Amino acid sequence: MNILVVVPTYNERENLPLLAAGVLKHDGYRLLIVDDGSPDGTGAIADDLARQHPGRVEVMHRTGPRGLGRSYIDGLLRALTEGTADYICQMDSDLSHNPEYLPELVAAAATNDLVIGSRYLNGVSVVNWPLHRIFLSAFANRYIRLITSLSPSDCTSGFRCWRREALARLPIAGMVSDGYAFLVEMLYNASRLGMRIGEVPIIFVERRQGQSKLSSGVLLESLVMPWRLVFRGSGS
Ligand SMILES: Nc1nc2c(ncn2[C@@H]2O[C@H](COP(=O)(O)OP(=O)(O)O)[C@@H](O)[C@H]2O)c(=O)[nH]1
Ligand SMILES: [Mg+2]
């Protein structure tokens, strides 16, 4: 099996080497790091990893405006054009998503087009989040499901595994969201295309190193995007 894990990074110098070790210990897994010109030198650390693991770690250095959505677009399009991966995964680089779960997600993708690592399948499986962050995320998921009629328990999780052919059917290049809303936009498109969407439970552990990039602009976009999706059929 050939699995490519796409990981966006912005100021993750302490976390990235540990994440890479966790991913690469699985046979057949490769890593595509999409760094947004991190001021803390994460890009150089990513280049070191690529040198240490030739053929298994690749790095994209983005220039121009930074953004999680834009990084995913660039990374996922690259993952599709390189053309060798059977499964394409996405995950955060701050160790909130434990790479130990990857084989479970990939196994579930044998019978699904998309598998989501969900924090909300068995109650709330989040460690070290302050109460307000739990409420915010739980509210966001209810809000999104109510407006869009999406059914997964965790519509904003960035821990996902796509069957390659399914990902190739999505209009990725035309997606417009820039922050976390990008994840909802992808899911909405997958659902409208009738894709089989599965979930496996994960325990999400808040980062120990570095800082969250959650901003009020990104939150506002997440509030508006579900309405754009239902009224326009896409985010554009
Ligand atoms: N390339 C890139 N990665 C980003 C950007 N913002 C966040 N990330 C990455 O996306 C993942 C999730 O971000 P994080 O700030 O931890 O969000 P939180 O977990 O919701 O608080 C991490 O791997 C970040 O390094 C960005 O603007 N560009
Ligand atoms: Mg995080």
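Let's start with Cys-89. Setting aside neighbours within four places in sequence, Cys-89 is in contact with Ile-3, Val-5, Val-6, Leu-102, Leu-105, Arg-160 and Cys-161. Contact means that two C-beta atoms, placed from the backbone, lie within 7 Å.

A word on the model. It is a predicted one: local features need pLDDT of at least 70, side-chain atom pairs count only at pLDDT 80 or more, and totals for chains, interfaces and linings use all residues. Residues are numbered from 1 along each chain as its sequence is written, while chains are lettered from A and ligands numbered from 1 in the order in which they are written.

Back to Cys-89. With Val-5, Val-6, Tyr-87 and Ile-88, Cys-89 touches the most other members of the largest nonpolar core, which has 60 residues. Such a core is a set of buried Ala, Val, Leu, Ile, Met, Phe, Trp, Tyr and Cys residues joined through C-beta atoms within 7 Å. Buried means 20 or more other C-beta atoms within 10 Å of the residue's own, with C-beta atoms placed from the backbone. Helix H7, residues 181–192, gives this core its largest share, 8 residues. Helices here are DSSP runs of H or I, at least four residues; strands are runs of E, at least two; both are numbered from the N terminus.

Next, helix H1, residues 16–24. Which of its residues are buried? Leu-16, Leu-19, Ala-20 and Val-23. They cover an arc of only 100° around the axis, so they sit on the same side of H1. That arc is taken from the directions from the helix axis to the C-beta atoms. Their cover includes E1, strand E2 (29–35), helix H2 (42–52), strand E3 (57–61) and helix H4 (102–108).

Now Leu-114, in strand E5, residues 114–118. Why does Leu-114 count as buried? Because it has 24 C-beta neighbours inside 10 Å. Beyond four places in sequence, the contacts of Leu-114 are Arg-160, Trp-162, Ala-166, Ala-190, Met-195 and Ile-197.

On to ligand 1. It is surrounded by 18 residues, and the closest are Pro-8, Ser-71, Ser-93, Ser-212 and Lys-213. A residue is near the ligand if its C-beta atom, placed from the backbone, lies within 6 Å of it. Strand E1 (3–9) and helix H3 (68–82) each give two or more residues to this shell.

Last, the whole chain. It has 8 helices and 9 strands. Buried residues make up 47% of its 236 residues. The C-alpha trace spans about 45 × 35 × 35 Å along its principal axes. Among contacts between residues at least 6 apart in sequence, 81% join residues at least 24 apart.

Notes. Buried ≥ 20, exposed ≤ 12 C-beta atoms within 10 Å, placed from the backbone.
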